[in-house]
Amino acid sequence: MIILAIESSCDETSVAVLKNGNEVLSHLIFSQIDIHKLYGGVVPEIASRNHVKHVTKLIDEALIEAKISAKDINYIAVTKGPGLIGSLLVGINAATAFAYANNLPIIGTNHLAGHIYAASIDHELKFPLIALLVSGGHTELVYMKDHFDFEIIGTTLDDAVGEAYDKVARTLGLSYPGGPIVDKLAQKGIDEYNLPRVFLDKEKYDFSFSGLKSAVINTVHNLKQKNKEVNVNNMAASFQNSVMDVLIEKTKNAANNYNAKQVIVVGGVAANSELRRRINEEIANKEVIIPKFIYCTDNAAMIAAAAFYQLKKESPSSDYIIKGFSTKQMI
Ligand code: KG4
Ligand code: ZN
């Protein structure tokens, strides 16, 4: 089964062609990071305009690279949400037009399901599993008994972990997106600043990162008032250690309490070097799966992989109206 997938929920325009859910025939990503960097974060209107500029070209290139034509495709998959409304609409319209022109069925796929199924591209998922989904917009612990059966057992009550990374980076005068930079600097620093570890209820799986972010802002502010230097490497290491202590402890508890066969770590923050290193060490009694870097941040291969399993449970739409597509999901 050949699926062409389109992802445009935020600031990456991506198109991929996958055979049977895990054979990547082509995978193209146009990242807008360099454009949004100038503004210190994603500007939705600019993101939408850049999706418009690139999506059609990427579809053509994805077909050429996969050495197929439209008639070889079985299904079109597209991210239906959550994400930026204008950005999503560009991908959805491109997918709908392509499906209509080539008489192909279309399926709308949830972006978070996509992040989770990034793990299935190079590994077989074994159930029950616990997924730690950590990105710029989401921080969730998800329990899965089977394919496309998601139970969110924990979520952030305020900032997503990637969002906290980006805001801390900004406080430290670093560029956007802050996650990879903080990660790099943290490797050269020590945990000097003794920031809080916010576990909330230890029996539960919810997270909170806004207090930790405020602790960084206050510490930087107080040091500046006293005319003292902030050691940026040590602040990055202190922040990163606090985040990882909480993420890993909660994931470990969930994996043990739910008798998980696998722990999968997905989303943009799964690219973090310390998370990758520590989770393997500290959850040694479970099989830990972390996708390749390229499948951690937003990409269309993960959408095609998710759609492959979604299609086993749901039939696609043949009337070019994406089922379950609602503006509520986008916001
Ligand atoms: O999954 P993603 O590409 O987009 C969303 O769906 O949000 O995640 C982007 C987030 C950004 O906040 C970025 O700073 C963070 O992932 N990120 C990292 C690292 N690489 C990307 N955070 C920590 N360490 C990293 N190495
Ligand atoms: Zn994402």
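Helix 4 gives the most to the lining of the second largest pocket, with three residues; helices here are DSSP runs of H or I with at least four residues, strands are runs of E with at least two, and both are numbered from the N terminus. The model is a predicted one, in which local features need pLDDT of at least 70 and side-chain atom pairs count only at pLDDT 80 or more, while totals for chains, interfaces and linings use all residues. Residues are numbered from 1 along each chain as its sequence is written, chains are lettered from A and ligands numbered from 1 in the order in which they are written, and side-chain values use heavy atoms, with hydrogens and water left out.

**Pockets and cavities**

The search used a 1 Å grid over the protein atoms alone: a cavity is a set of points where a 1.4 Å probe fits but cannot get out, a pocket is an open set with protein on both sides within 12 Å along at least five of seven lines, and lining residues have an atom within 4 Å of a point. Grid points are joined across faces, edges and corners, and a volume is the space filled by probe spheres set on the points. In the classes below, Ala, Val, Leu, Ile, Met, Phe, Trp, Tyr, Cys and Pro count as nonpolar, Asp, Glu, Lys and Arg as charged, and the others, Gly among them, as polar.

| Space | Volume | Lining by class |
|---|---|---|
| Largest pocket | About 1300 Å³ | 17 nonpolar, 19 polar, nine charged |
| Second largest pocket | About 160 Å³ | seven nonpolar, one polar, no charged |
| Second largest cavity | About 30 Å³ | six nonpolar, two polar, one charged |

The second largest pocket is lined by Asn 110, Leu 112, Ala 113, Ile 116, Leu 133, Val 142, Phe 150 and Ile 152. Domain 1 (2-116 + 296-323) and domain 2 (125-290) both contribute to this lining, so the pocket lies between them; the domain bounds come from an automatic or database domain assignment.

The largest pocket also draws at least three lining residues from each of these two domains, and helix 5 gives the most to its lining, with six residues.

The second largest cavity has helix 8 (residues 232-257) as the source of the largest share of its lining, three residues, and the residues around this cavity include Arg 197, Phe 209 and Val 246.

One open sheet has five strands in the order 8-7-6-9-10, with mixed pairing, where two strands pair if DSSP finds at least two bridges between them. Strand 8 (150-155) and strand 10 (287-289) stand at its edges with a single partner strand each, so one side of each is left without a neighbour in the sheet. Strand 7 (residues 139-144) and strand 8 run antiparallel and are joined by five bridges, with Glu 140 standing opposite Thr 155 in strand 8. Helix 8 packs on this sheet, touching strands 6, 7, 8 and 9, and its direction makes about 160° with that of strand 6; contact means heavy atoms within 4.5 Å, and angles run from 0 to 180 degrees between N-to-C directions of axes fitted to C-alpha atoms, for helices over the stretch in contact.

The other open sheet, also of five strands with mixed pairing, has the order 3-2-1-4-5, and its edge strands are strand 3 and strand 5 (106-110). Eight bridges join the antiparallel strands 2 and 3, and Leu 18 has Val 24 in strand 3 as its bridge partner.
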